[in-house]
Amino acid sequence: MDHLHRKLRDHEAAMFQQGYLDDQFSQLQKLQDDTSPDFVIEVMTMFFDDSEKLLNNMSRALEQVPVNFKQIDAHAHQQKGSSASVGAARVKNVCGTFRNFCEAQNLEGCVRCLQQLQQEYSLLKNNLKYLFKLQQEIKTAGRSIHTRG
Amino acid sequence: MEKECVEDIMEIEVLPSMWPEDIGADVGKQFNIEKPGNDQDVLEEVSIIDEVTTIADFKRLIELTNFTEKGSSQLAYLMKHWEYKQASVARLLREELDNLNKQRQDVELRKLEILEEHRFEDERYGGDKRPVSILDDIYDIWQQDVPCRKSNVVVQNKRVEIDAEYDTVVYWKQRAMHLEKLLEASIQREETLEQKLKESIKNIERQSSPVEELSQILKRADNFLHFILQNAPVVIGHQDKELRYRFIYNHFPSLHEEDIIGKTDVEIFTGSGVKENQDFKREVLEKGLPAKREITFETELFGSKTFLIYVEPVFSKAGETIGINYMGMDVTDQVRKRERMAKIREEIAVQKAKETELNKTIHITEETMRAKQVLATMSHEIRSPLSGVVSMAEILSTTKLDKEQRQLLDVMLSSGDLVLQLINDILDLSKVESGVMKLEATKFRPREVVKHVLQTAAASLQKILTIEGHVADDVPIEVIGDVLRIRQILTNLTSNAIKFTNEGKVGINLYVVQEPSFTKSGSVQKISSGYSTISVNVVKEERYGVNDECISLVKSECSMNGDTEDQHHSNETTVWIGCDVYDTGIGIPENAIHSLFKRYMQVSVDHARKYGGTGLGLAICKQLVELMGGRLTVSSKEQNGSTFTFILPYKVSIACDSSDYSDEFSDMEHNDATSDDTTTEGFFQFQPPNLGHIVSSGGANRTHNKLLSHKFCGFSESSFSFPSTSNDNISKGTCSVDDSSSLVDDSDMSESASSSSHKHHLYNAHAWFQNGIADSSQHMVVNSTTQCASSNSKSEVTKSISKPKILLVEDNKINIMVTQSMMKQLGHNIDVVNNGAEAVRAVQRCTYDLVLMDVCMPIMDGLQATKLIRSFEETGNWDAAKNAGIEQSLPNRDYEYSAPSKKRVPIVAMTANALSESAEECFANGMDSFVSKPASLRKLKECIEQYLR
C-alpha cells in the first residue's frame with residue numbers, strides 16, 4: 001500500500017517536475033471531492049477525446065492545398081485552451097508555438113509543431129494513464145483493506 | 001606713349017603733392033603722413049645730386065622713403081640712373097666739344113694744308129644689367145631721351161684742288177682764294193657747330209629734372225596703389241620703434257589725423273584686442289621677423305571686429321629695426337562665418353556623439369529590459385513548478401499523517417510559501433521596473449480597504465497586539481485608483497509593522513492632505529499617463545445611479561467595480577490621501593533608514609535572521625507608490641516604533657457624492673447593516689485575541705447604540721452556515737462581547753475545515769454572504785465568513801434564496817467542465833452557452849448577475865457580444881443585436897427578474913493571454929474586468945466576491 005502511494009507520489013511529482021503538468025492540474029485535483037470522486041479522470045478523458053479529434057483535424061488540414069492556416073490556428077487555439085484548462089503545460093506551450101507558425105503561415109513550422117504536439121500529447125497521455133492506473137490500484141487496495149477490515 | 005608722358009612731365013611746372021588734392025585736407029585723410037619738422041636732416045641723407053635744382057616738393061617723397069632700406073634702395077636705383085644719364089650726356093657734350101676743337105684745329109691745320117679726317121665713334125649705352133625695380137618700365141624714358149649717338153655732325157674733309165701752275169702768281173692767287181673759301185666754310189661750320197652746341201645745351205636745360213620724373217613715377221605708383229586700395233578694407237600703416245604711428249592709411253577713417261599720428265595703439269583705442277595687437281607688434285619688432293595674426297577687437301570706436309594683421313619689421317640701412325609696417329584687413333565676416341561653420345560642425349559632432357550615446361543608452365536600456373523580462377519570465381517559470389510543489393504539499397497535508405510528518409510538512413509548506421512570496425515580489429518588482437506593470441483605475445472604498453487589510457492582519461495575528469484604523473471624515477466614500485496595488489502596499493506595510501512589533505499596537509490612519517509640492521515638477525504626468533491607458537464610460541454609470549433609485553444599491557456595487565474613468569470628465573477632481581501605517585515596534589535606527597527601501601536590504605543580518613522576510617517588500621511598496629505618482633516616507637524612533645506614510649492622488653467622481661450613498665444605505669439599513677457600515681464608519685479596532693475577537697466600528701452618523709450592536713462575536717452566524725458541524729457554536733455565537741467562547745482559535749477552525757466537505761461548505765457560506773476578503777488562505781475564509789454574517793441572520797437567509805445567476809460563455813467544453821466544477825465548489829450553479837450569439841440570447845431571456853465571457857469564440861466573439869449587451873443596456877432595445885443577426889428570444893417567465901432592466905450586468909472576460917493589450921480591448925468593449933485563463937479557484941472566487949456582493 002505504502003509502496004503504491006509512494007509510486008504515485010513520485011510519478012506525479014515527476015510529471016510536475018518535467019513540466020507535463022502545472023498548477024492548473026492541482027486545481028483540478030482540488031475540485032475532486034466526494035460529490036465528484038472521479039472528476040479528474042472525467043475531465044482528462046474528455047480532454048483526450050477532444051485532443052485526438054483536434055489533432056486529427058489539424059493533420060488533415062495541413063495536408064490540404066492550399067493550407068487554411070486560419071482554420072488550423074482555430075484548432076490550435078482550442079487545443080491550447082483545453083490544455084491550459086487541464087494543466088497540460090507542455091502541450092499548451094507547443095500550441096503557443098504552433099499558433100505563431102500559423103500566424104506566420106509557415107507550413108514547415110506547422111508540420112514540425114504538429115509532430116511535436118502529437119509526441120507531447122502521447123507522452124502526457126501515457127503518463128497520465130499510468131497515474132490514473134496507480135490511483136485506481138490504490139483505491140481498490142484501499143477498498144479491499146476496508147472490506148477486509 | 002612715353003613721349004606723351006614726357007610731355008606731361010614737361011607741363012607740370014611744380015610737382016603737386018603726391019597725394020591727390022581731393023583727399024585729405026580735413027578730417028580723416030586716408031593718408032596721414034607725419035609732417036617733417038625736425039627731420040629735415042633726412043633730406044641731406046638722401047643723396048640727390050645737388051647740382052640738379054628742382055622746384056619739386058620733395059617732402060612727400062622723402063617721407064615715403066623715410067629711413068627705410070627699401071626706400072633708400074629704391075631711391076638709389078633712381079639716382080644711379082640719373083647720374084648715369086647725366087654722366088653720359090656730359091660725356092657726349094665733352095666729346096662734342098673736343099670734336100669741335102679738333103675740327104677747329106683741323107681747319108687750322110688745313111689752313112696749314114694739313115687736312116685731317118675726323119670721325120666719331122658710335123657709342124651706345126649698354127648697361128643692361130640694371131637692378132630691377134617695381135618701376136622698371138618707367139625707366140625706359142631715359143633711354144629714349146638720351147641721345148646716344150652723334151649722327152648729324154658731318155665734317156667734310158676735302159682736298160683743295162688748284163688748277164693753276166705751281167708757283168705762278170695765278171697759282172698762289174688761286175690757292176689763296178681757295179683757302180679763303182675753305183676757311184669760310186670752316187668758320188661757317190664752326191658756327192653751325194656752335195649753334196648746335198647751344199641747342200644741345202638748351203635741350204639739356206629743357207629736359208625735365210630727375211625729381212620731376214621721379215615724382216611722376218611715384219605719382220603713378222601712387223595712383224596705382226590708390227586704384228587698388230580704393231575700396232579694400234585694409235588699413236596700412238607704419239609705426240616707429242616706439243610703435244607710434246608715423247603713417248596710416250585707412251579707407252574708412254573714423255579718427256582725425258592728429259588723433260593717430262604720433263600715438264600708439266593703446267593710446268588711441270581701448271578695449272579688448274588692443275593690447276594684444278600692441279604686444280604682437282612689439283614681438284615682431286623684437287624678433288625682426290614678419291608675422292601674421294588674427295586679432296579680435298572689441299572697442300568702443302568700431303565695435304566688435306576681427307582683423308587679420310600682417311606686421312613686418314623695417315630695418316634701417318644699418319640693419320637696425322626702426323619700426324614696423326603694418327597691414328590689417330577686416331575679416332570679421334569671414335571669421336564670423338568660419339566660427340559659425342565651426343560651431344555647426346561642432347554641433348554636428350555633438351549631435352553625433354549624442355546620437356551614439358543615445359543609441360548606446362537605448363541598447364543598454366533594451367538589454368536591461370530584456371534582462372528584466374528574462375527575470376520576470378524566469379520567475380514565472382519558477383513559480384509554476386513551485387506552486388506544483390506547494391500544492392502537492394498541501395494535498396499531502398490533507399492525508400493522514402503522524403505528528404512528526406505533519407511538522408515536517410508544515411515546514412515544507414511555510415518554506416514553499418516564502419519562496420512563492422519571494423518570487424511574486426521579484427515578479428512585481430521587475431514588472432514595475434520594466435514598465436510592464438499597468439495601473440488600473442477602479443472605484444473603491446478606502447474604508448473597506450483599510451478594514452479588510454486590518455481584518456486580514458488581525459486574523460493571522462500570532463501576537464497580542466491591538467490593531468486599529470482611523471479614517472478621517474473628509475476622506476471620500478469612493479475614490480478611483482488601483483485598489484489591488486494600494487491594498488498590496490497597505491498589506492505589506494501592515495504585515496511589516498506587525499512583524500517588528502511585539503507589543504502595543506499597529507494601525508492605519510487615513511486622511512486627506514494638500515497636494516504635495518513634488519507633483520508640480522512632473523510626476524502628475526506620470527499618473528495621468530498611467531491611467532489614461534484605460535478608457536471607459538463612467539458617465540453612463542452615474543446616470544443610471546441618478547435615474548433609477550430603486551436599484552441604486554446594486555448599481556453602486558456595479559459601478560464600484562471595474563469602472564475606469566474618463567480623463568477629461570469634468571465631474572472629477574483629484575484628492576490626495578495620506579496614509580500612515582504606524583506601530584509601536586522596535587523601530588529603525590537612523591543610519592538604516594536610507595537603505596530601507598533598497599531591495600534585499602534589511603536593517604541588519606540579525607534582523608533578517610530573527611524576523612525573516614525577503615527584504616523586497618518595502619522596495620516594492622516604494623516603487624508602487626511612486627508608479628502611482630505618490631511618495632512613501634518613513635519616520636522612526638528606535639524602540640518606540642515606526643510610521644510609514646504614503647500619499648497618493650486619487651480621482652473622485654463628484655456625482656457619486658457620499659450623501660447619495662448614505663441616503664440609499666439608510667433605506668437599506670434594515671436589510672444589510674454590514675455594507676452600510678463599511679461606507680461611512682471611520683474607526684476600526686481589533687483587540688488582541690485574548691480579549692475576544694472584537695470589531696468595533698463607529699461612523700459619523702452612527703449612534704452609540706449602533707456601535708455596540710456592531711460588536712460582533714466569533715461564530716454567531718455559523719448557526720447558519722455550518723448547521724451540521726458547529727452546533728455548539730450557535731449558542732456561543734449569539735453571545736455578547738465578553739463571552740470568552742467567542743474567542744475562536746483560527747487554527748482549530750482551519751483544521752476542522754481541512755476536510756474537503758467542510759471546505760466546500762465554507763466556500764458556500766462565503767459565497768452566499770458575499771462579503772469576503774480576497775484572500776485564499778483558509779484562515780481568512782473562516783474569518784471573513786464570521787465577520788460578514790454579523791447580527792442579522794434573517795437577512796442572510798432571505799438573501800440566500802435568491803442565488804445570483806451566473807452565465808458562462810465558453811466554447812471549449814473542457815474549459816466549461818473545469819469552470820463549472822470550480823463554480824460548483826464555490827457554491828454556484830451556472831448557465832453555460834457556447835458562443836457570443838448564444839450569450840446575447842441568454843441575456844435577452846433572463847437577467848444575470850454576472851457573465852463570464854470567453855473572448856475568442858466561433859460565430860460571435862466575446863467582445864462583440866459584450867458590445868451588444870452594453871448597447872441594450874444603454875438604449876433599452878436590442879436593435880444592435882438584431883443588426884448583428886440575433887433575433888430576440890422571448891423572456892423566460894420562470895425567472896424572477898425576467899423583465900429587461902437597465903441594470904448593468906458585470907461582464908468579466910476570460911482571456912487566454914492576460915496581456916495588457918487584450919485587457920484594454922476588453923475594457924474598450926464594455927467589459928468590467930478580466931480573468932486570465934486557465935481559470936483557477938482563487939481567481940474565480942475573487943471575481944465573484946468582487947461582483948456579487
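Keep in mind as you look that the model is predicted.

Strands of a sheet pair through backbone hydrogen bonds, either parallel or antiparallel. Here, five strands of chain B make an open sheet with parallel pairing, in the order S18-S17-S19-S20-S21. From one strand to the next, the twist averages 20°.

Now zoom in on one pair within this sheet. Strand S19 (residues 850-854) and strand S20 (residues 907-911) of chain B run parallel and are joined by four bridges.

H30(B) lies across S17 (806-809), S18, S19 and S20 of chain B, and runs at about 170° to S18(B). Helix H35 (residues 937-947) of chain B lies across S19, S20 and S21 of chain B, at about 140° to S19(B). Remember H30(B), as we will come back to that helix.

For antiparallel pairing, turn to strands S2 (residues 234-240) and S3 (residues 245-250) of chain B, which pair in that sense over five bridges. Gln239(B) has Tyr245(B) as its bridge partner in S3(B). Together S2(B) and S3(B) form a hairpin, with four residues between them. In the turn sits Leu243(B), with a positive phi of about 65°.

Finally, where do the two chains meet? The size of an interface is often given as the accessible area lost when the parts come together. Between chain B and chain A, the buried area is about 2500 Å², and carbon and sulfur atoms give 61% of it. In chain B, the residues that lose the most area to chain A are Ile814(B), Met817(B) and Pro934(B), which together account for 23% of what that side buries. The contact draws 25 residues from chain B and 27 residues from chain A.

What kinds of links cross this interface? There are zero salt bridges between chain B and chain A, while six residue pairs are in polar contact. The elements of chain B that give two or more residues to its side are helices H11 (332-398), H27 (756-769) and H30 (813-825). Here H30(B) returns: nine residues, the largest share of that side, come from this helix. By type, the chain B side divides into 11 nonpolar, 10 polar and four charged residues.

Note on methods:
Residues are numbered from 1 along each chain as its sequence is written. Chains are lettered from A and ligands numbered from 1 in the order in which they are written. This is a predicted model: local features need pLDDT of at least 70, side-chain atom pairs count only at pLDDT 80 or more; totals for chains, interfaces and linings use all residues. Side-chain values use heavy atoms; hydrogens and water are left out. Contact means heavy atoms within 4.5 Å. Buried area is the accessible area (1.4 Å probe) that two parts lose on being put together, summed over both. A salt bridge is a side-chain nitrogen of Lys or Arg within 4 Å of a carboxyl oxygen of Asp or Glu. A polar contact is a pair of N or O atoms within 3.5 Å; within protein, one must be able to donate a hydrogen and the other to accept it, and residues adjacent in sequence count only if both atoms are side-chain atoms. Ala, Val, Leu, Ile, Met, Phe, Trp, Tyr, Cys and Pro count as nonpolar, Asp, Glu, Lys and Arg as charged, and the others, Gly among them, as polar. Two strands pair if DSSP finds at least two bridges between them. Axes are lines fitted to C-alpha atoms, for helices over the stretch in contact, and angles run from 0 to 180 degrees between N-to-C directions.
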